[in-house]
Amino acid sequence: MKHTIFTKILAFTLAGAALCSGLCSPLADGEESRFAMPSLEVPCRAAILVEQTSGTVLFEKEADTPMPMASITKVMTLLLTFEALEAGKVSLEDIVPVSEHAYDMGGSQIWLEPGEQMTLDEMLRAICVSSANDAAVAVAEFIGGSEGAFVEMMNNKAAQLGLANTHFENACGLDTDNHYSTARDIAQLSREMLNNHPEVTNYTTIWMDSLRGGQTQLINTNKLLKRYQGINGLKTGTTSGAGVCISASAERDGLKLIAVVLGSPSSEDRFTSAITMLDYGFANFEAADLPEAPDVPQTLSVSRGEEEQVQLSYSLPDSFLLAKGEGAGLTCQVQLPQSLEAPLEEGQSVGTVQVYTGETLLGEYPILCANSVKKRDISTGLRWLWQAAKTG
């Protein structure tokens with residue numbers, strides 16, 4: 001829902017009419033949700049429920065308390081790996097070497113041997129399905145040159161994403177001093193992974209797989225894949241220091257939610273906490289699109305310019321987070337002049353779309369020039385007169 005939806009809204013506004021009623025646009029990071037927080041019983045130290053696209057917080061418990069995060073650490077390892085894939089620095093067919101250091105990793109593993117050869121695709125399956133520590137470290141060394149260099153990349157990315165209460169000391173999540181995060185930071189990290197690299201769910205939704213020609217069996221540690229409708233990720237984790245954890249992502253009818261659970265006393269408590277939050281989210285909220293409206297011109301006239309019109313560029317989120325039942329009506333007001341005066345720069349804001357629920361402003365979205373228009377000078381005017389004379 002991009003350019004066409006804005007132009008549909010524009011038609012009604014230029015006629016002086018308001019469209020629709022009641023929707024909630026994405027909130028900027030750090031803004032409070034307009035939705036009241038529920039009282040949920042979740043057996044864990046910390047938890048948070050957010051809408052994936054906007055990051056709107058729907059429930060939280062001790063969400064800013066730093067604590068160990070176990071193998072949820074691997075979400076950052078995966079994020080940096082998928083960024084390297086997107087940049088063309090590596091490919092899924094590349095062979096990932098196995099070092100003595102990777103071989104020495106304890107905890108969950110696929111028992112890699114030094115010198116053994118596996119593709120990056122196989123390593124990603126081991127990480128996402130079986131949460132293999134040895135595979136995570138091997139991939140970190142492959143992407144960063146060494147685990148130490150990769151950990152520096154992890155912390156730099158955390159700073160870039162504004163994860164102020166997160167620090168990494170390794171690529172797999174084994175307990176160590178100064179390795180911690182918060183439920184809120186993990187939710188933001190999970191959003192970054194899922195919003196920008198949704199292809200990760202091709203791995204995180206695998207229930208069973210195998211490596212080494214069927215000799216090594218993989219079974220997903222995220223048991224919600226078999227227990228909860230709409231689950232598509234993202235990562236489990238368990239250590240003695242962190243307790244039992246999960247960042248659980250799910251989608252139903254276009255509504256995308258992330259439930260982060262840290263420090264549960266048992267695996268069942270972890271899944272119970274995630275289900276409690278997700279059930280609340282899906283029962284009380286919906287993702288709604290703007291309604292259809294007639295097509296309208298996608299340009300505005302320009303005076304004193306080398307061109308007589310400028311193309312308009314519009315952008316809206318694909319959907320809006322609403323309380324259940326609010327999607328039946330929307331209120332949108334478009335502010336846009338009848339014409340513009342040159343010069344105009346590409347990307348210049350020339351109007352806005354305001355979205356309301358009742359009297360409450362939920363979001364304001366700019367209308368931009370899709371191209372630049374230079375101001376008409378004397379030579380341009382003379383050229384126009386010459387062309388007019390020739391055609392006349």
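These legends describe close-up views of a predicted model. Residues are numbered from 1 along each chain as its sequence is written; local features need pLDDT of at least 70, side-chain atom pairs count only at pLDDT 80 or more, and totals for chains, interfaces and linings use all residues. Side-chain values use heavy atoms, leaving out hydrogens and water.

**View 1. Helix α9 covers residues 267-284.** Helices (DSSP runs of H or I, at least four residues) and strands (runs of E, at least two) are numbered from the N terminus. The expected span is 1.5 Å times one less than the number of residues, so the 18 residues of α9 should span 26 Å, in agreement with the 26 Å between its end C-alpha atoms. Its buried residues (under 20% relative accessible area, 1.4 Å probe, protein chains only) include F271, I275, L278 and F282. The buried residues of α9 pack (heavy atoms within 4.5 Å) against β1, β2, β7, β8, β9 and β10.

**View 2. Five strands form an open sheet in the order β2-β1-β9-β8-β7.** The pairing (at least two DSSP bridges between two strands) is antiparallel. β2 and β7 are the edge strands, each with a single partner, so one side of each has no neighbour in the sheet. Between β8 and β9 there are eight bridges. S247 stands opposite V260 of β9.

**View 3. T77 lies in helix α2, residues 74-86.** T77 counts as buried because its relative accessibility is 1%. Leaving aside residues up to four places away in sequence, T77 touches A136, F150, M154 and A171. A polar atom of the T77 side chain lies 2.7 Å from the backbone oxygen of A171.

How values were computed: Buried means under 20% relative accessible area, exposed over 50%, partly exposed in between (1.4 Å probe, protein chains only). A polar contact is a pair of N or O atoms within 3.5 Å; within protein, one must be able to donate a hydrogen and the other to accept it, and residues adjacent in sequence count only if both atoms are side-chain atoms.
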